Amino acid sequence: MRDVYILGVGTTKFGELWDSSLRELASEAGLKAIMDAGIYAEDVDALYGANTSGGQFVDQEQIAALIADYSGITELNIPSIRIEAGSASGGAALMQAYLAVKSGQYNTVVVGGVEKMTDVPSEVANEIIGGSLDAEWETFFGATECSIAALIARRHEYEGSAKRENYAVFPVISHKHASMNETSHFRNAIKIEDVINASPVAEPLTVFDNAPISDGASALVISSDQKKIRESPNPIRIKSSSAANDFLSLHDRKKIDQFKAVAKSTKDALRLANLDLGKIDAFELHDSYSIATLIQVEEIFGKQGVRMTEGNDFYYNSSSPLNVSGGLKAHGNPLGTSGLYQAVEATLQLRGKAGERQVKDPRNFLIHNMGGLGTTSVSTIIGVD
Amino acid sequence: MSSIVSYGSYIPRYRIKAEEIAKEWGENPENIKSGLFIYSKSVPGPDEDVLTISAEAAKNTLKRSDVDRKKIGAIYVGSESHPYAVKPTSSILVEALGLSYDIHSADYEFACKAGTAAVQNVMAMVDSGQIENGIAIGADTSQGAPGDALEYSASAGGTAILIGRNGFADFNATLSFTTDTPDFWRREGEKYPSHGGRFTGEPAYFKHVLTGAKKMMERQKTKPGDYDYAVFHQPNGKFPTRAAKMLGFKDEQVKDGLLTPYIGNTYSSSMIIGLSAILDKAESGDRILAVAFGSGAGSDVFDITVNDRIKTFRRERAKGVMEQVNNPIWIDYATYVKFRGKIIMRGA
Amino acid sequence: MSEVPRFWRESRHRYRLVGTRCGKCDTLYFPPRVICPSCRRESVGAMREEEMSGEGEIYSFTVVHDGLEQFKMQVPYVIALIRMKEGPFVTGQIVDCSPGEVKIGTKVSATLRKVRTEGKEGIIQYGYKFTITH
């Protein structure tokens, strides 16, 4: 099988981007990725577009066609397909693009993600985010996505598996890292007390336990073209990508404070990359909710994951750097884009071009993108040869 | 002869005191308490309406009986606050209670005696042999205009009665008395009802209640002393107390069925929730005179005798009336106006 | 926009907590399923509808402050995961109580309530909620 490399990455700033439309954001990220890769539109065999809820946020479906059109590549009749897997859309699109290139069907592919969330009021955005739950048996009865995360948090604490501080720490870590990333939605540092004492959204979770509503787009150029890889100054390899799923609703799971899909997709990704966990130098996890980050950490690191939250292990300059991008919490969470920005961050870090927040000499990144709360999991390992 | 096979009531837990309402309008609460004889009233939660209240009352009724739900032949619901102007409450209840689809059902309306009109119709169907048994419900979530005297009394609650043969309380007789008397009304599309002030008293309530009761006692050749209990429609605490006295009933006969002072006027459930409270403690041999009144106007009168089957009747399977009366959640006027939709919400 | 058929189709499940029991492994499921996730193809045609008692206890809960538009009148409201006596877990609202009364392990009973309305003119969507069992 062929090896697949990331030749170029591009991203917009994340945040409340009032001046930019969905199509402008998507083409900005795509163009940056193509220029970064040093290729031309003629070199692109296919486009995969990730988007979670464009139909509801901006009344637009057929988003991949729109992106291709407004990126000026339509005259080449390049196939353009949208991938949707809730907030794991970005990770899922990256996986599909990777498989398409690895299979030999395509040599060079652009995979991009975009979400334009701030064109609707935040209450409406929250309703749309709830679309990842079961519409008939959760949302119908008044459940929001944050309330489902809160059910996990409450039970997890009740069972003595963790304390409030063990997950309130993740937004603190993400904000610290985001302060060093110029494309971040938020660049302010916060303290653990700020998280715990902020306005409650769904108790015990507060506004600081939730990732924000953000606009943004990110894109990558991936390829198996030997000539292009040779000419690339800094090719980064996608070593594996694997997905797994769990029941859509918490009420159908045997244990609500476990993400079995995370354990499976991560284990599979490590096996396919022929690596063990000890060889992973940094992690980008899906911190849509602080408690979700803790459960992912527990699935990946086991019980010791909880202890790690009590020290400094997860900071960029420590043993297990986590969400050095600033994560979804502070770098921003334009739903369908999140998994692709994780890959952009891993690439920048592996190139040694992450600036102030640079992890020291990383060789492998594990990125995990999630749809809903542990429903869809996509784990991808990106590293240097 | 038709009889009561089971019964059950439901009162929303939210309550507001007369003081809370009086304070808002600069009234002296003592005048309300002594004048109208109302201390507090029930308030439906923001997610309660006549359908949900009827369903809970009927569920309590079914819990107390072993009658096969699928063999119930009729369900009639009387109310002046049905959730839909067009679309029956009763058909939703058929599904909500899991009854057979081979069932007679309809919604009734006759101000506060719509529930007893339903009772009379189910009785007639049982007596004629058309059905084995049927459910009659009276329920309301009535509104009084802010600042109106009705605001102290208009409350929410419901009672369901399962009527069939071989029940624990026999209907000895029933009769009605009806005249065209516009004492209280609500025009189509209007949110709040209007009333004739003092005209609602003597020519309306008292004339119909007293005439109905007297005609029943004439027909049955009974005197007030022959009854262990008497219960009347109770728009406030004062009217039924006065009517009882005028007819010659004593306090001990009426006190157990007098609930309006504590939960307000539940309209279509007003008299039958009082009957429900009496049945919660009645014993074999007890005789009850029950008089409902509906504005517009008319009265429905029932002469009931409790029989030996009361001894094996399973009251304890559902909460009784007083148990519900004594389990309130007190709310203030602000919560009350929010719950009753008296503040304008976006998109509402 | 009216969604009458989508709501109407689920009426019995939402009014009376009617789930489905697998005739193969005897597990009761709620919400109802056409296929048992344990027996899979073996369960096809063997799923039977069954009404639950409505009794259960709180397995986890949260007090929602930033709620859905349809529930704005009720904030803060309680959303809980309830373990039903018959086994299945149900996501639903706990009503007629102050949030302080709700604990993990609290016994609750199902009650029929208005859940949503399609605006002022549309249909009223009824369904189960839960109250604390006293």
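Student: Which residues in helix 1 (residues 18-25) of chain B are buried?

Tutor: Happy to start there, and keep in mind that this is a predicted model. The buried ones in helix 1 of chain B are A18(B), E20(B), I21(B) and A22(B).

Student: What makes them "buried"?

Tutor: The word means under 20% relative accessible area. A18(B), E20(B), I21(B) and A22(B) are listed as buried, so each of them falls under that cut-off.

Student: Which elements do the buried residues of helix 1 of chain B pack against?

Tutor: Within chain B, they pack against strand 2 (14-17), helix 2 (29-35), strand 3 (40-43) and helix 12 (333-339). After helix 1 of chain B comes G26(B), with a positive phi near 70°.

Student: Which residues are buried in helix 3 (residues 63-70) of chain A?

Tutor: There, I63(A), A64(A), L66(A), I67(A) and A68(A) are buried. Their packing partners in chain A are helix 1 (22-37), strand 2 (46-50), helix 2 (54-57), strand 3 (80-83) and strand 4 (108-115). Just after helix 3 of chain A, G72(A) has a positive phi of about 80°.

Student: Which residues touch the most other members of the largest nonpolar core?

Tutor: That core has 120 residues, and F170(A), I291(A), I75(B), I137(B) and I94(C) touch the most other members. A second, separate core has 41 residues, including I6(A) and A346(A).

Student: What lines the second largest pocket?

Tutor: About 990 Å³ of space lies in that pocket. It is lined by 39 residues, and the closest to its centre are E56(B), K59(B), N60(B), K63(B) and A110(C). Elements that give two or more residues to the lining include helix 3 (50-63) of chain B and strand 7 (107-117) of chain C.

Student: How many residues of each class are in the lining of the second largest pocket?

Tutor: The lining has 15 nonpolar, 10 polar and 14 charged residues. Lys and Glu count as charged, so K59(B) and E56(B) belong to the charged class.

Key
Residues are numbered from 1 along each chain as its sequence is written. Chains are lettered from A and ligands numbered from 1 in the order in which they are written. This is a predicted model: local features need pLDDT of at least 70, side-chain atom pairs count only at pLDDT 80 or more; totals for chains, interfaces and linings use all residues. Side-chain values use heavy atoms; hydrogens and water are left out. A nonpolar core is a set of buried Ala, Val, Leu, Ile, Met, Phe, Trp, Tyr and Cys residues joined through side-chain atoms within 4.5 Å. Buried means under 20% relative accessible area, exposed over 50%, partly exposed in between (1.4 Å probe, protein chains only). On a 1 Å grid over the protein atoms alone, a cavity is a set of points where a 1.4 Å probe fits but cannot get out, and a pocket is an open set with protein on both sides within 12 Å along at least five of seven lines; lining residues have an atom within 4 Å of a point. Grid points are joined across faces, edges and corners, and a volume is the space filled by probe spheres set on the points. Helices (H or I, at least four residues) and strands (E, at least two) are DSSP runs, numbered from the N terminus. Contact means heavy atoms within 4.5 Å.
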